[in-house]
Amino acid sequence: MKLTKIIKISALLMLIFSGFFMSCKKDNDQIPDVLVDIQVNINNPGYFSLQAVGGWMYFDGGSRGIIVYRRSQDEFLAFDRHCPYQPSNSCGKLNVDSSNNVIAKDDCCGSSFLLTDGSIQGGPATRGMKMYQTYWDGLSILRIYN
């Protein structure tokens, strides 16, 4: 009777520890971390599309470029254009959908994301868009950084 109890306890402990170690597995297929620190004066005519809510622009930087989206009068969002689905695939790059300016799509895998928050809209992706921090001074300067 004692042997049966010891076997059950041992089996339970092995199950718990194996679950713990499997959950700690590192995910090596991630978008690379790249230093980002960009400042723009959105009153400059070159940044005209960011002057209105719902406007967006591409910027150089990040892993495969950055999409900046003006979510409200006082809030900007910045996302890496590197598709989060199988990031090691060299073809994955997000582009704003020309028929729906709040959707970013990857033509390579078919994933799509909402620019209003970076969440998955469709396709095989299991992670949302990689987001960068933004700071808006309320007048003219927008900073995109990590």
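Is Cys-109 buried, exposed or partly exposed? With a relative accessible area of 23%, Cys-109 is partly exposed, where buried means under 20% relative accessible area, exposed over 50%, and partly exposed in between, for a 1.4 Å probe and protein chains only. The model is predicted, so that local features need pLDDT of at least 70 and side-chain atom pairs count only at pLDDT 80 or more, whereas totals for chains, interfaces and linings use all residues. Residues are numbered from 1 along each chain as its sequence is written, and side-chain values use heavy atoms, with hydrogens and water left out.

The structure holds one disulfide, a term for a pair of cysteine sulfur atoms within 2.5 Å. It is formed by Cys-91 and Cys-108, whose sulfur atoms are 1.9 Å apart. This pair links distant parts of the chain, 17 residues apart: Cys-91 lies in the loop between strand S4 (75-80) and strand S5 (94-96), and Cys-108 in the loop between strand S6 (103-106) and strand S7 (112-114). Strands here are DSSP runs (E, at least two residues), numbered from the N terminus. Cys-91 is partly exposed at 41% relative accessible area, and Cys-108 is also partly exposed, at 33%. Cys-83, by contrast, is in no disulfide, the nearest cysteine sulfur being that of Cys-109, 3.8 Å away; Cys-83 is buried, with a relative accessible area of 1%.

Strands S5 and S6 also belong to an open sheet of four strands, with the order S5-S6-S7-S8 and antiparallel pairing, two strands being paired if DSSP finds at least two bridges between them. S5 and strand S8 (120-122) stand at the edges, each with a single partner strand, so one side of each is left without a neighbour in the sheet. From one strand to the next the twist averages 35°, taken between axes that are lines fitted to C-alpha atoms, with angles from 0 to 180 degrees between N-to-C directions. Three bridges join S5 to S6, and Val-96 has Ala-104 of S6 as its bridge partner.

Elsewhere, the largest nonpolar core has 15 residues, and those with the most contacts inside it are Leu-50, Ile-66, Val-68, Leu-142 and Ile-144. Such a core is a set of buried Ala, Val, Leu, Ile, Met, Phe, Trp, Tyr and Cys residues joined through side-chain atoms within 4.5 Å. Among the elements that give two or more residues to this core are strand S3 (66-72), S4 and strand S10 (141-145). Apart from it lies another core, of 12 residues, among them Ile-67, Cys-83, Phe-113 and Ala-125.
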